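Visitor: Hi, I've got a model open and could use a quick tour. Can we start with how strand pairing is counted, then look around?

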Amino acid sequence: MLSDLGNELEARVARAVRAAFGIEISGEQAVIRPSAPGRRADYQCNAAMPLAKQLKLASREVGEQIAAHLDTTGLEAPEVAGPGFINLTFTSEFLASNLLELAADTRLGLPLQDPRRVVVDYSSPNMAKEMHVGHLRSTIIGDALVRMLEELGHEVIRQNHLGDWGTPFGKLVEHLVDEGLAGGDEIDIADLNAFYVEASRKFDADPAFAERSRKRVVALQAGDPATLVLWERLLNESKRHIEAVYAKLGVKLSPVDYKGESAYNDVLAPTCDELTAKGLARISEGALCVFPHGFVNRDGDPMPLIIRKRDGGYNYDTTDLATIRYRSQELKADDLLYVVGAPQSLHFELIFAAAHEADWLPTTARAVHVAFGSVLGSDGKILASRSGASLKLADLLDEAVRRATEVVAERSDLAPEQQASIAHAVGIGAVKYADLSVARDKDYLFDWDRMLSLDGNTSVYLQYAGARIHSLLRRAEMNADDALSVPRVELIEDAERALALKLSQYPAAVSLAVRHSEPHRLATYLYETATAFSTFYEHCPVLKAEGPTRESRLALAAHTARVLARGLGLLGIDAPERL
Ligand code: ARG
């Protein structure tokens with residue numbers, strides 16, 4: 001079984017180059033690209049042009065030499081075009097037998113990778129307020145990355161870096177006291193945002209309140225027991241809010257994954273001491289600063305990470321240094337992913353640079369800021385509620401399910417209870433997919449009609465494609481396993497072959513999405529697969545076909561349903577068998 005056709009071609013081209021010219025190239029330098037659908041070839045190799053420069057030969061000649069030395073097992077004769085593009089096409093026999101092997105594999109051909117320990121920082125909301133839409137993105141993208149990493153066999157340590165410490169809690173605690181909520185065990189703040197807004201208003205309007213709040217922060221950071229009790233009470237209330245959102249989303253995050261800013265309180269001073277002892281931190285204008293090499297501001301002055309303010313207080317930078325030290329030294333992370341909005345790019349560049357200089361990150365470790373863009377409303381501004389206040393995620397998700405209920409009811413003859421669970425899958429899936437299907441560093445427009453549209457690149461389109469296949473199998477009175485146990489598949493029609501090629505590219509799509517931490521690469525692949533299935537279904541009768549042709553087409557359909565369901569699952573989206 002060839003689990004990654006593109007990788008295989010890269011390796012073969014590299015060997016051909018060695019045989020033809022006696023030089024070594026990397027897989028990447030083989031420049032293998034899948035061709036656009038409908039093209040004559042399955043893949044194109046664009047290695048000849050850059051190699052020609054290096055070898056001082058005509059590029060067409062280089063292309064022809066590579067083609068002549070290529071191992072063509074399972075391939076049609078390669079064709080050299082134009083300045084030296086090499087068109088590569090698998091034989092239909094090869095694709096058919098490879099597909100049967102992929103279909104027989106419980107992992108659909110996806111190989112396990114050498115396991116690495118990956119710490120993924122995601123969701124990480126600020127607990128003084130309710131989660132906003134930026135944290136929704138972090139939660140959804142992080143969850144998809146975690147699922148894909150685990151599917152590839154990596155050990156994932158989830159870290160929800162809650163913003164649960166610092167100045168906002170001073171005013172919240174004081175407001176709590178004023179509201180008479182300081183007694184009793186549990187508090188119930190229905191609207192955490194309103195509570196925060198009120199506390200902030202008082203902070204600005206009432207100097208005595210502001211003074212009390214500042215003292216509270218000091219008491220909190222000094223570990224005053226009475227203050228800690230109140231702080232914890234607030235935090236528990238806030239956790240109930242985020243957990244309600246996680247439950248609605250069905251994301252894999254639970255209290256064992258919480259390690260908020262407060263958890264690092266005791267190691268901030270030792271972190272600063274270590275940086276000072278290593279000669280990396282020094283006092284500048286009264287504050288303790290680290291100046292990572294190579295970072296300068298507009299005036300050409302070195303750029304600081306301020307790790308201890310003039311008043312002795314620590315901040316977000318200090319905490320993130322303590323955090324990266326913990327993740328690498330104690331959790332022994334091989335890779336560190338931070339799923340955080342793009343505006344924090346510079347912050348993470350500085351943190352990573354400082355961590356390298358402090359020798360906290362072994363050279364084999366990869367620290368990556370998995371940056372994402374903003375979610376915009378129809379006015380082109382960051383998504384907010386009608387009144388302009390920040391939008392509550394719980395409400396947003398409820399609305400998604402409500403709208404999905406309408407979409408589903410229009411087309412379904414199922415019982416209401418079944419419809420409810422389907423509407424949940426469709427509604428939550430739509431919100432997640434709208435987010436995951438765009439390149440994550442781009443902003444995207446939050447548009448209900450588009451995300452719930454039955455055609456186009458939406459989750460409900462993919463869910464329908466899967467459900468349609470299950471209905472086909474039911475009509476054939478078969479389950480997917482039976483349908484897949486065929487002795488051979490036939491790839492005679494173009495649409496059959498194109499679908500089989502797409503299905504063979506599933507392993508490559510997942511590993512590419514993980515390599516770049518870009519779930520949209522998998523989403524795009526799934527959409528192309530569903531489209532290839534539609535074309536196949538339009539051109540190739542299934543139930544009306546006979547004998548081996550019918551069997552083969554049912555097998556292609558059944559494998560498509562499995563790829564779609566597994567792929568959607570990796571994005572955290574359910575694929576109901578009936579819609
Ligand atoms: N709470 C932060 C925010 O909302 C995000 C934290 C991300 N993680 C980190 N290690 N800095 O901006």
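This is a predicted model: local features need pLDDT of at least 70, side-chain atom pairs count only at pLDDT 80 or more; totals for chains, interfaces and linings use all residues.

Visitor: Which other strand pairs with S10, and over how many bridges?

Guide: Strand S5 (residues 117-121) pairs with S10, in the parallel sense, over 4 bridges. To find that pairing on screen, look for Val 119, whose bridge partner in S10 is Leu 336.

Visitor: Why is S10 described as largely enclosed?

Guide: Because 5 of its 7 residues are buried, S10 is largely enclosed by the rest of the structure. The cut-off for buried is 20 or more other C-beta atoms within 10 Å of the residue's own.

Visitor: Let's switch to the ligand. Which residues surround the ligand?

Guide: The ligand is surrounded by Asp 121, Ser 124, Asn 126, His 161, Gly 163, Asp 320, Thr 323, Tyr 338 and Val 340. Two elements give two or more residues to that shell: helix H11 (316-330) and strand S10 (335-341).

Visitor: And how does the shell split by class?

Guide: There are 5 polar, 2 charged and 2 nonpolar residues in the shell around the ligand.

Visitor: New topic: the sheet with S7, S8 and S9. What's the strand order, and is the pairing parallel or antiparallel?

Guide: The order is S7-S8-S9, the pairing is antiparallel, and the 3 strands form an open sheet. Strand S7 (281-284) and strand S9 (305-308) are the edge strands, each pairing on one side only. On average, neighbouring strands of this sheet are turned by 45 degrees against each other, direction ignored.

Visitor: How many residues of H19 are buried?

Guide: Helix H19 (residues 506-515) is mostly covered, with 8 of its 10 residues buried. Among them are Tyr 506, Pro 507 and Val 510.

Visitor: What do those buried residues pack against?

Guide: Helices: H1 (5-21), H5 (133-151), H18 (494-504), H20 (519-539) and H21 (547-570). After H19 comes Ser 517, which has a positive phi, near 50 degrees.

Visitor: And Arg 39, is that buried or exposed?

Guide: Arg 39 is exposed, with 12 other C-beta atoms within 10 Å. Arg 39 lies in the loop between strand S1 (32-34) and strand S2 (43-45). From Arg 39 to Lys 278 is 59 Å in space, C-alpha to C-alpha, and 239 residues in sequence.

Visitor: Last one, zooming out: how many helices and strands are there?

Guide: The protein has 21 helices and 13 strands. Its C-alpha atoms fill a box of roughly 85 × 65 × 40 Å along the principal axes, and 47% of the 579 residues are buried. Of the contacts between residues at least 6 apart in sequence, 71% join residues at least 24 apart.

Methods
Residues are numbered from 1 along each chain as its sequence is written. Two strands pair if DSSP finds at least two bridges between them. Axes are lines fitted to C-alpha atoms, for helices over the stretch in contact, and angles run from 0 to 180 degrees between N-to-C directions. A residue is near a molecule or strand if its C-beta atom, placed from the backbone, lies within 6 Å of it. Ala, Val, Leu, Ile, Met, Phe, Trp, Tyr, Cys and Pro count as nonpolar, Asp, Glu, Lys and Arg as charged, and the others, Gly among them, as polar. Two residues are in contact if their C-beta atoms, placed from the backbone, lie within 7 Å.
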